[in-house]
Amino acid sequence: MSEARTALIVDDNPTNRILARAMLTKMGWTSDEVDGGAAALNKVQERRYALILLDISMPGLSGEETCAALRALPGGDQLRIIAYTAHAFPEERQKILAAGFDDILIKPINLQTMAAVIHG
């Protein structure tokens, strides 16, 4: 299977993971899901992903901490990591992007916003 359209969804909320997976599937992506940062770090070492949707607010490793750890891995600078968050204030956006994310997908999401961020 091609890894070019494979995503990893990282969110502690199962409903958010289901929604993101359904939308990615409609856009022709395959995806794996994990419920936290530590699990994401393990998955990325097992499989290559073209996209990582990473929640910011999670127990354990935060999204920012997980992003930094992903970037520190060999090839981590090549990962496309999208913050998947409800934090929408402009000052938070700058902080999130400065933490190493490539873009931000604001919850609640819909197919159009997801497509714009993924292909943007």
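Author: Gladly; here is how the terms apply to this model.
This is a predicted model, in which local features need pLDDT of at least 70, side-chain atom pairs count only at pLDDT 80 or more, and totals for chains, interfaces and linings use all residues. Residues are numbered from 1 along each chain as its sequence is written, and side-chain values use heavy atoms, with hydrogens and water left out.

Reader: Which residues of S4 lie on each side?
Author: Ile81, Ala83 and Thr85 are on one side, with Ile82 and Tyr84 on the other, and all are buried. In a regular strand, side chains alternate between the two faces of the sheet.

Reader: How do you know that S3 and S4 pair?
Author: Two strands pair if DSSP finds at least two bridges between them. S3 and S4 have four, in the parallel sense, and Leu53 has Ile82 as its bridge partner in S4.

Reader: And what about S4 and S5?
Author: S4 also pairs with strand S5 (residues 103-106) in the parallel sense, over four bridges. There, Ile82 stands opposite Asp103.

Reader: What is Leu70 in contact with, beyond its neighbours within four places in sequence?
Author: Contact means heavy atoms within 4.5 Å. Leu70 meets that with Leu41, Val44, Ile52, Leu54, Gly76, Leu79 and Ile81.

Technical notes: Buried < 20%, exposed > 50% of the residue type's maximum accessible area, 1.4 Å probe, protein only. Helix = DSSP H or I, 4+ residues; strand = E, 2+ residues; numbered from the N terminus.
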